[in-house]
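Biologist: I would like to learn how to read a few features in a protein model. Could we go through them one at a time?

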Amino acid sequence: MIEIATGSPIDVTVVLLGHDQEDHRVRALHYYHQAGVPCVSLESLGANATGQVCKERLERALEQVTTPFVCLALDADFVLPAALVTAQACLHAQPQVVAAQGHALAYAAGNSKVAYHRIGSAFEHNLEGGGLARIGQYALAGQQGWRAVVRVATLKAALATLPAEFDFAGFRVALSYAILAQGEVAHLHQTDVVCEYAPCALTEVAREERLTQAVHILRQWDAAHQEVCADEDGFTMLNHFVRDTYDQGEAPLLFTSNWGSVTGDPERVFEPRQYIEMPYYTRGLFAQLTALEFLCHAWPTGQTQHQALEGGWVRQRDLLQEHPNDTPESLQLRYWQALALGLFDVRICQRLMAMLTDEDDVTRARELTDWIGRLEQVPGIERQARLQATGSGQVLAALAAATPQAAEFKRVHAHLSKRPTGQIAFVVLDLGDDDQALQTTFDSLLASGLRDFKLVVLKAGKPPAITTARDTLHFIQVNDGNWSAHLNQVVRQLPSEWLLLLQAGDQLLAGGLLHLLVELGESPECSAICANEIQRDTEGRLHAVVRPGADLNLLRSQPGLMSHHWLVRRQAVLDLGGYSETYLEALELDLLLRLVEAQGVGTLAHLEDYLVIGQQPSQRLNEEAMTVLNRHLTQLGYRAQLKNQEAAGLSIDFRHATTPLVSILVASEGDMAQLQACLASVLQRTRYPRFEILVACAEEGVVAQQSFGSRVRLLAGEPGASRSALLNLAASQARGEYLVLLAARCQVITPAWIEALLNEAQRPEVGVTGGLLQDADGKLAHAGYVLLNGPQVHSPWMGLSPAARVQAQWTQAVRSCPAVSGECLMVRKEVFEQCEGLQSQAGSDVDLCLAVAQAGQMVVWTPHAQLLVVDMAAQSAVVAQELLARWPSTFSGRAASGQALEWLAQVS
């Protein structure tokens, strides 16, 4: 609770603007109620609220205000009561002043940590010149006038004529301008508000568009009402004002406050550079910051803070799980560990308190009791519900849905007892000598109920027991220099049919493991099986890795997502000469690539379930993977060039020796302007030198009337001919070795689009290559099709923004898929003819891809050939039904992996 130093009543009402921050609002109302500050909250404005909506709702809110002064705030901000008292005293004493304002300090709350940033700079004093000078003063200081304590009459007058065309940030800039234009503002050397640090999330281009629009609207409004910035100097000042106060910008970090003890205050660590001219460095302010930090940690709100807490919440959840072999001592140890991950969870504190019953625990129990008392003064929040709303919570929900119930466990084990499978050996690398992590792995294996297995631990440090190779659990002491040699020796000695490499701390998932055993009972004709997995990042957050099959393209380009936790036949490892003793980071990747070299991609299989929770690989894997991949591609005859794109994986330029002629086939569909734009984009933006364009037209007179240049050949089709028929006509006249089917609604974005398509299409195993299609807003329109039960021709990731595409796992890498869109599709001409071209029915592009796959060729999609597409429609259910009739075995995918237990139907 914030205590006010003076006993003066507060004559200022804080108005919460309610902009898309509903979870902050309840906490804010609690904060102002505890501090005795009048507060009115606007209903939620939503993320895209217009200036008109903001204006109308704020005017209605002001009708509820009974105090003479008002202060606007965002719901995540904390206006300081003591500062309000000073500001109201200033306004009472100076009737000619329309507003009073100090400074803002920005905060960014994390897990038991708060970072503080400077906002703007100090005001220049003794400037004369009325409204224009005040505008310049605020622009120079980078301060936002809408945050001032304002007379209610002043604010109403400012709102009365305010233009409505702004976004929310622009509305606040305009409001600042209107307040400053009305009269004198008193500057107070104090910190008024601790506001959430929220750098602008817009792209540079989008931000510039909004700034330009705001300047234009404000100048028009000023000319009609205020005439403060009427001349050129005024326009320059207005431009600076908008740009310097639209948002916070990149604010310098001042200090970080870490709360690491239940008995003391937070510890503050200051950056080398400080700004002593700002009113941040007072004992009173730091006391208020301590109270605010406690409130923020005990009552976390907002996506940014939840993301910072997410990993800790997951770890705490795991530590609070009870296991059959637990003792009071082991439970208490884990509770202390959970508390260390976050001091502000009262549930953990209460569990720990119940166990502090020994005489030696008296002091700690008293300290914890006092701490619990402080926490209980803050309204309780359900942290489990907040975890469920995070990405990790969604992963945990999927795992829960994929875990068999007790009766299903019994049924699966009864089934397995009748159909024994080849034994699996789990080889666990404990190179960090971490007994606790090792126990986590053991607990997960025991929880599955698996009976027939071998467990070998390569352990740095002294083994906890003396064992032999004949024991179910066998420890082998190793070090950093010899563990790979010991691994190969284990492979030679084990009697097991299958091997799975794990790291200490990896958790086997019971549902996935049992599903794997059921599938192994069918004697699969493969040498390596991958499943989906969960990766835990360095902060503890969980990320689902839903592998789209045993995809060689993704294995090469995304080793961090694809190369770990494969179940491999022991004999296959022996036949390859064992694991590499050179490439230790990319050990599994190297083995899998050698397996493909020896046996082909048909030796790889995929299980559509989650099998392991493991640690997210380090970026060192990509560095070593480049060496492994270079060896692999050289073995296949390529002189490839590799590029490490960090999180986006590895890109491969196969550097094919030839530059074949490419025929671009376009069917005119009646819209001449669209066709002209398409052809212009190809001719103006294509870098590849050897291409021809064939345009097939069914409209009478088009061939004679249009002129597209010497590189374009026009072909006359039958009147009323379908797009497929026109493209088949163009293909029959094409001279190129490769054909590109291109829709007239598409336009080229990347100049190297043909090179990107050829990079994949010239691989002998590839028959069709599709490109990335996006709409005018940059949202993803096509990234390959998957064929789902239903049937459904599904476009995964459709509608993803450019920012979201960066976060998506598979939209930045070349990958195999069942089909790609005929809006932009490259196919070798001989393959096109072998498959008898495009069929006459709808969905002919998908049909072509399925025919190519049946002929033994791969269909791949590349993100490096990017095109703009207008009004791309999804494949209809009728089309899917027609395709199902012709290709009944292809529609077998599931929309959401790992969230169902269909495989249990196999278990009798």
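Predicted model: local features only at pLDDT ≥ 70, side-chain atom pairs only at ≥ 80, totals over all residues.

Biologist: Which backbone nitrogen lies 3.0 Å from a polar atom of the side chain of Ser-580?

Modeller: That of Thr-582 lies 3.0 Å away. The backbone nitrogen of Tyr-583 also lies 3.0 Å from a polar atom of the Ser-580 side chain.

Biologist: Where is Ser-580 found?

Modeller: Ser-580 sits in the loop between α22 (570-575) and α23 (587-599).

Biologist: Is Ser-580 buried or exposed?

Modeller: A residue counts as buried when its relative accessible area is under 20%. Ser-580 has 12%, so it is buried. Leaving aside neighbours within four places in sequence, Ser-580 is in contact with Ser-484, Leu-587, Asp-590 and Arg-594.

Biologist: How many cavities of 30 Å³ or more does a search of the whole structure find?

Modeller: A cavity is space where a probe fits but cannot get out. The search finds five of 30 Å³ or more. The largest cavity has a volume of about 100 Å³. Its lining has 14 residues, and Asn-111, Leu-309, Trp-313, Gly-342 and Arg-383 lie nearest the centre. Helix α10 (residues 303-320) gives the largest share of that lining, four residues.

Biologist: What lines the second largest cavity?

Modeller: The lining is Trp-313, Gln-316, Arg-317, Asp-345, Arg-347, Arg-383, Gln-384 and Leu-387. Elements giving two or more of these residues are α10 and α14 (383-388). By class, the lining divides into two nonpolar, two polar and four charged residues.

Notes. Residues numbered from 1 in each chain as written. Heavy atoms only, no water. Buried < 20%, exposed > 50% of the residue type's maximum accessible area, 1.4 Å probe, protein only. Polar contact = N/O pair within 3.5 Å; in protein donor to acceptor, adjacent residues only side chain to side chain. Contact = heavy atoms within 4.5 Å. 1 Å grid on protein atoms, 1.4 Å probe; cavity = no way out; pocket = protein on both sides within 12 Å on 5 of 7 lines; lining within 4 Å. Points joined across faces, edges and corners; volume = space filled by probe spheres on them. Nonpolar A, V, L, I, M, F, W, Y, C, P; charged D, E, K, R; others polar.
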